[in-house]
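Hi there,

Here is the structure I promised to pass on. Have a look at it first, and my notes follow below.

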Amino acid sequence: MPLSLVIGCSLAYISLLFLIAWWVDKRSDKGISLGSNPYVYALSLAVYCTAWTFFGSVGRATTGGLSFLGVYLGPTLLAPLWYMLLRKMILISKNQRITSIADFISARYGKSQTLAVLVTVIVVLGIVPYISIQLKAVAFGINTLTHFGEAPPPPPTSIFVDSGFWVALATAVFTAVFGTRKLDPNERHEGLVAAIAFESIVKLLAFMAVGVFVTFFIYNGFGDLFSQAMQRADTAELFTFEAAGVTPLAWNFLCLLSLLAIILLPRQFHISVVENTTPRHIPKAMWVFPLYLLLINIFVFPLALAGKMMFDSAVNPDTFVLSLPLAKGAYWLALIAFIGGFSAATSMVVVEATALSIMFSNHIVVPLMIKTRSLGVGQKKVDGAERLLDIRRISILFMLFLAYWYQKAVGNTYDLVSVGLISFTAVAQLAPSVLGGMYWKRATKQGALTGLIIGFAVWAYCLPFPSMAMAGIIPQSFVTEGLFGLSFLKPYALFGLGGLDPITHAAFWSLMLNTWFYAIISINTQPSTLNLTQADLFVNIHKYIEGHESDILKREAKISDLRTLLNRFLGESRTISLFKEYEVANQVSLAHQKVAQADLVNFVETHLAGAIGAASARLVLDSVVKEEVITLEEVMRILEQTREAVEHSKSMESKNAELKMLTLQLTAANEQLKNLDRLKADFITTVTHELRTPVTSIKALSKIILDYEAELDESRKREYLTILVAESDRISRLINQVLDIEKIQSEASPLKKEEIDLAQLLHQAASGLSQLMSEKGVMLKYSVGFQNFLSEKDTMVVQADWDRMTQVAVNLLSNALKFCHPEQGVIEIHLERKGLYAVFYVRDNGAGIPTAMQQLIFEKFTQLHSHEHGKPQGTGLGLFISKSIIEKHGGVILVESAVGEGTKFEVQIPI
Amino acid sequence: MNLSNTNAKVLIVDDEPNIVLAVEFLLQREGYQTKKAYNGPQALEIAAEFQPDIIVLDVMMPGMDGFEAARLIRQHDALEHTKIIFLTAKGTDRDKLMGYAKGAEYYMVKPFENEELVTIVSEMLAYG
């Protein structure tokens, strides 16, 4: 097959990817997002299946039988746990704006820079060989297609004729374009993800096409293929583990490593966590992804058997996927298969390079540039974001050429699967820090650091160093005799533990020592404050977000808790008035809400801060916000743990604060009692005075009539008698209203709430006073607040006590009547709906109320006086009673007035 | 009826118009000249001009109360000989002491006896 055809197809395929990524990005800029599609997410997870899967699984199966399946069983076994594990990782990462696995670990252990660098180094060193085998696989594939049946071509003399180089360059360009298109704080790249999902489909279909071709066209189905294989000794032994040289221990470690890899590999973390748009996609991925793995593995074993039977050992088993169709003359199918393998390789390289470049630039390059002040921050002409993107792009190029170099230098020592497993073992070193960090609060930065360093060192010593030795880069003696000739340091038989394959051996020692040091050092070190708070956040993330996945940064609290808190520090009446103030200012009703939103929490904090200082306010508020995740005691405990040196003084401080709190509480309670007492005494004095006054007039005038009747003319007598009647009325009214107040304020007589129509109620109250109004020449106006209030058909239904509300309406109307303009009186009644409230007001055009008096008029026995006529008739209790009634309905009554411009009383009650 | 005092002047101060009405009737019937005021400042203004012999003064009035009005009247040069009778609903001993301390000649608690008021006024006019 001509090279130009292969290169042409590859370029066409890459262009198609460009097109898809570009189109999706363009759509997402317009707001049409693919992020809402769970299948795209599930398919993009299949970036897990690389060229290793595509070519290497078959190769592995020719020597290790079914052992290749371990790499896919691990993720399948883990998938049911994604709902807990992956979801938690996503929630944490969204909350903390985490963009890579290094970021994740660093954030967990107090945002440690050292850890971020360490993890980045481990991951880069561990993954670059993995990338390199993808390049190698593609180059291999090209060679197979172009030189099938011939002698293998000599190694390329210059990089310009090396297909591996061009593959590296092409993927680097693609990654740089779509992995760094813009600086997104969340590091989401929709176009990239869509292209990856597309590649997943391509590689699956291509692989299955070859599988179907071999199984059903070369052979007559599975049965035929298997029975032929059973007749040959070398293929029959592949059906058993023992004959294929796979021990149960190795099998278990394979499952464990792949299980860890599916969450820890930088590209898996990037796709499954960073690029995730919502955790709601997880349930779908939980079955789609394992199904994908099943489908792509069905034909691996048949292909391995068929290849082995057909070629014996004349052809590299890693190329069977291509060689089988080629041998049967199916060139088009071989080309499709190559594109499938190409897509498996590119998808892996693209995502891995994106993830690595994010880590490399964020944790190594940028901190260095900040330290050396070469980032250009503050320089006018430099675009900071553009500069960062350039760094990112250069990082990508750097990663890929590192991989290319590695392939050239040491790439031929191992087969595809082995290099992949070496990488798996490297990233598995992150497992204790990541998993422990998510479920064990006590884990410290020092523990994570020690575990990682030791695990990584053991890994390096047991896997890549020996491979370098075999490649001739370092002396081979340390492999055979142990470092410094110490036999217990042999990298394949550490501490005398021999008889294991290198991967199992390295995984066993590195993971065990890593975990052990992680635990021991964590237990024996003190975490920093930030480490502690981050630990709490990671471990208890669900409590921090409580069902608000998108709004996790909001501070929330139960309203009842806020109320209790305010009561404790500010007293009950102040609390009630504060909440009322908040309701009025924000036009909301808190009566039926349970959870206070951020602004109410802030409002409460501000007022608390006024009482006990900002720091203490924050502290006590923390005990109720976020659904009591951190109790006051817990805060204190954290503070105590933080600094052993000042532990004592801290606890003293807390005791002091507690005492202060208690004192405040006592003072407040005492003050409240005193107030109550004084109020009662005042009330009695005032009532007696108010009673004595009419009694005085009655007694004096009736005595006058009795003593001097003969001297009084008829009109004078009538005048006095009229006053007697009026003053008697005044007494009985006063008595009734005092009893009323008692009734309204006592809990024993609840409101008789029913559905009443406020429009009807206002009409009725007004018509009861119409006689008086017309006598005084007052004009009554209904004004339109909703629909047409003029028509009596309109309704405004609220839950209220009809009699009590009528009392309020009559009181407001008669006040208006009393105080409106003496000659051209106008009274306006207005009704409307404002949000959750029914609002009505009564406005007169009288003399108005001076500002100083406006709050007093709602107090008991406040009466307005005019200079000319002394006191108006009335008890001074009407507005107080109205206010009590409205408040008992959960509403408010407000006055708005200016001298000379009339007065407006507005009532708002919740609907 | 004491004829020698027919020209005596009495100022009645109360924020309750009906009480003013009753007191006014009782004193006019005795032949005294009367004027009315409904609050403290008004009382001071009228008193300065009218120069009453006696002021019948309520205590609990809005704005300036009776005690304060009495204190200001006492400071007024032209009202040196004016006598003050408190007529108030405030009836405790403490209130009474306060009243006398403010310079009142007499302290009556509401509801009052018509005869007592009339008698006190005439006695005061007769004997100073």
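Is A:Phe140 buried, exposed or partly exposed, and what is its relative accessible area? Please keep in mind that this is a predicted model. A:Phe140 has a relative accessible area of 32%. Buried would need under 20% and exposed over 50%, so A:Phe140 counts as partly exposed.

This residue sits in helix H7 of chain A, which covers residues 113–146. Leaving out residues up to four places away in sequence, A:Phe140 touches A:Asn316 and A:Thr319. Between A:Phe140 and A:Asn316 there are 10.0 Å from C-alpha to C-alpha, although they are 176 residues apart in sequence.

Next, the nonpolar cores. The largest one has 174 residues, and A:Trp82 and A:Phe424 have the most contacts inside it. Helix H17 (residues 331–371) of chain A gives the most to this core, with 21 residues. Domain 1 (3–25 + 37–146 + 161–439) and domain 2 (533–642) of chain A both contribute residues, so this core lies between them. Beyond its neighbours within four places in sequence, A:Phe424 is in contact with several residues, including A:Tyr48, A:Trp52, A:Tyr130 and A:Leu265. Another core, of 47 residues, lies apart from the largest one, and A:Ile744 and A:Leu831 are among its members.

Finally, chain B. Its secondary structure comes to 5 helices and 5 strands, in the order β-α-β-α-β-α-β-α-β-α from the N terminus. Of the 128 residues in chain B, 53% are buried. The accessible surface of chain B is about 5700 Å², with 49% belonging to carbon and sulfur atoms.

Best wishes

Key. Residues numbered from 1 in each chain as written. Chains lettered and ligands numbered in written order. Predicted model: local features only at pLDDT ≥ 70, side-chain atom pairs only at ≥ 80, totals over all residues. Heavy atoms only, no water. Helix = DSSP H or I, 4+ residues; strand = E, 2+ residues; numbered from the N terminus. Buried < 20%, exposed > 50% of the residue type's maximum accessible area, 1.4 Å probe, protein only. Contact = heavy atoms within 4.5 Å. Core = buried A, V, L, I, M, F, W, Y, C linked by side-chain atoms within 4.5 Å. Domains from an automatic or database assignment. Areas by Shrake-Rupley, 256 points an atom, 1.4 Å probe, with all protein chains shown as cover.
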